[in-house]
Amino acid sequence: MPKQSRFKFRLDIGLDDDLAARLKAEAIRRELSIAVLVREILNRALSEEAAIEGREALDQAIRRAIKKDVDRLAKLMVKSTMAGATAMFLNVQVLNDLGKRDAADIYHIARKKAVEYLRLPENDSEVDQP
């Protein structure tokens, strides 16, 4: 009576000499039969491919889910930047119109104070006055 295999699917493939030699050497190194080694390699490759495809699908789903929020935040940042730049130049113009010291000096002092303020920890809002 012929020996029954637990595997129902058989695969017959052709390999070039180099690949066959590498496969045999790896099987010897791992002390496995070539069939067991090929099954392990196929299983690992298919699992990795499935994981990569799953990751890509997850990345795409996340991008779709947050796209509206990201776009909205980008628009708000542009508006905020425009408002800040407008206010800065308006203040410089008002200072010039009022004849106060050199408006450029006032701008540079204010900018240094702003940088100092941004570097403070969240719970500390004290900035030294000139």
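Predicted model: local features only at pLDDT ≥ 70, side-chain atom pairs only at ≥ 80, totals over all residues.

Author: Residues are numbered from 1 along each chain as its sequence is written, and side-chain values use heavy atoms, with hydrogens and water left out.

Reader: What is the mean pLDDT of the protein, and which element has the lowest value?

Author: pLDDT is the predictor's confidence in each residue, from 0 to 100. The protein averages 84, and 89% of the residues score at least 70. Among the elements, helix α3 (residues 103–118) has the lowest mean, 80, and α1 the highest, 94.

Reader: How many helices and strands are there, and in which pattern?

Author: Helices are DSSP runs of H or I with at least four residues, and strands are runs of E with at least two, numbered from the N terminus. The protein has three helices and zero strands, and its sequence reads α-α-α.

Reader: How do you know that the length of α2 agrees with its number of residues?

Author: The expected span is 1.5 Å times one less than the number of residues. The 64 residues of α2 should therefore span 94 Å, and the end C-alpha atoms are 88 Å apart, which agrees.

Reader: Where does α2 bend, and what follows the helix?

Author: α2 bends by about 50° at Ile-66; the bend is the angle between axes fitted to the seven residues ending at a residue and the seven starting there. Just after α2, Gly-99 has a positive phi of about 75°.

Reader: Why is the contact between Asp-18 and Arg-22 called a salt bridge?

Author: The term requires a side-chain nitrogen of Lys or Arg within 4 Å of a carboxyl oxygen of Asp or Glu. The N to O distance for Asp-18 and Arg-22 is 3.6 Å, so the pair meets the rule. The two residues are four apart in helix α1 (residues 17–30), about one helical turn. By this rule the count comes to six salt bridges.

Reader: What makes Arg-22 exposed but Asp-18 partly exposed?

Author: Buried means under 20% relative accessible area, exposed over 50%, and partly exposed in between, with a 1.4 Å probe and protein chains only. Arg-22, at 53%, is therefore exposed, whereas Asp-18, at 48%, is partly exposed. Of the 130 residues of the protein, 5% count as buried.

Reader: Which residues are linked with Arg-30 in a network of salt bridges?

Author: The network links Glu-26, Arg-29, Arg-30 and Glu-40. Within it, Arg-30 and Glu-26 meet at 2.8 Å, N to O. Both of these residues are partly exposed, Arg-30 at 29% and Glu-26 at 23%.

Reader: What makes a space a pocket, and what lines the largest pocket?

Author: On a 1 Å grid over the protein atoms alone, a pocket is an open set of points where a 1.4 Å probe fits, with protein on both sides within 12 Å along at least five of seven lines; lining residues have an atom within 4 Å of a point. The largest pocket is lined by 18 residues, among them Arg-10, Leu-11 and Ala-35. The largest share of the lining, six residues, comes from α2.
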